[in-house]
Amino acid sequence: MENSNSRAQDSAERALVGHSARPWGFWATIGFSCVILLAYFAAAAAVIAVFVALGFGQDSSRDSDEIVAALMENGFAISLSMIVSAFVGLLILWLACVVRKNIKIADYLALKSFSLKALLFWVGILILFNLIIVLLSYAIQFQDMADLYWPLLDETRNRYIFLFAALVCAPVFEEAFFRGFLYRGLAESKMGVPGAIVLSSFVWSIIHLQYNLDILLIIFFLGVLFGLIRFHSGSVSLTMVLHAIHSAWSFAFIT
């Protein structure tokens, strides 16, 4: 009887997070997550390093700081670094899932279909979230996103490749990792769903080092919203689409 109750409780806990198979445990999830993020940032740094080397090759008299500063406004270089880092991050993420036996990647990362009704409902919630941010902007002077991104969008060619990186590559990797892999491992640990939502949102916010504290707070609460959507819908595919929609909303005010 006791074993039966234990199995029933375990099944109930798995049903709570919407899956039937076990992911990596807490510490393995943390370890793999660190490796994934290190690979992600290393790939981005490697792309920038290549452009720095090319800059020296074209003009060896230029100072390295000057070259790096120019690259930060180079839409092609930044876009390429985003695309490559997302690809590398997804590759390591895929490997971390593959080596965990008896669980399909689509199940691990909650890559599930969703209904049009669910999409429209959560788009409405996302619009409400953004309207609240707009209202807050009248009382709080947020970081000017135009100053940060307009140099990357100034040229037509760079604009398209940057939007591809920001609206496709970034949402796919970030949602697969934060609301997929990291959330899944944390949610089925002693932290539970609330802890998984909060911690994954916190880590997601602090990797956006290009923003000031005010924008980081917005990203954190947006992460909490995406975490709630992932929990209630059971679909990371949905949060990927919503992430892209939110980014498109943000860039619409810049372009």
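At what angle do helix H9 (residues 192-206) and helix H10 (residues 213-233) pack, and how far apart are their axes? In this predicted model, where local features need pLDDT of at least 70, side-chain atom pairs count only at pLDDT 80 or more, and totals for chains, interfaces and linings use all residues, the angle is about 140° and the axes are 8 Å apart. Residues are numbered from 1 along each chain as its sequence is written, and side-chain values use heavy atoms, with hydrogens and water left out.

Axes are lines fitted to C-alpha atoms, for helices over the stretch in contact, and angles run from 0 to 180 degrees between N-to-C directions. The crossing of H9 and H10 is right-handed; a crossing is given this label if the near helix is turned clockwise from the far one by less than a right angle, and is left-handed if anticlockwise. Residues on the H9 side of the contact (heavy atoms within 4.5 Å) include Val 193, Ile 197, Phe 202 and Trp 204. On the H10 side, Leu 216, Ile 219, Gly 223 and Phe 231 are among them. The contact comprises 13 nonpolar residues, four polar and no charged. Here Ala, Val, Leu, Ile, Met, Phe, Trp, Tyr, Cys and Pro count as nonpolar, Asp, Glu, Lys and Arg as charged, and the others, Gly among them, as polar.

The protein chain as a whole has 11 helices and zero strands. Helices (H or I, at least four residues) and strands (E, at least two) are DSSP runs, numbered from the N terminus. Of its 255 residues, 44% are buried, that is, under 20% relative accessible area, with exposed meaning over 50% and partly exposed in between (1.4 Å probe, protein chains only). Among contacts between residues at least 6 apart in sequence, 76% join residues at least 24 apart.

Most residues other than glycine have a negative phi. Asn 102, in the loop between helix H4 (75-98) and helix H5 (105-108), has a positive phi of about 65°. Ala 110, in the loop between H5 and helix H6 (116-137), also has a positive phi, of about 55°. Asn 102 is exposed, at 77% relative accessibility, whereas Ala 110 is buried, at 0%.

A search of the whole structure finds zero disulfides, a disulfide being a pair of cysteine sulfur atoms within 2.5 Å. Cys 34 is partly exposed, with a relative accessible area of 44%, while Cys 97 is buried, at 1%.
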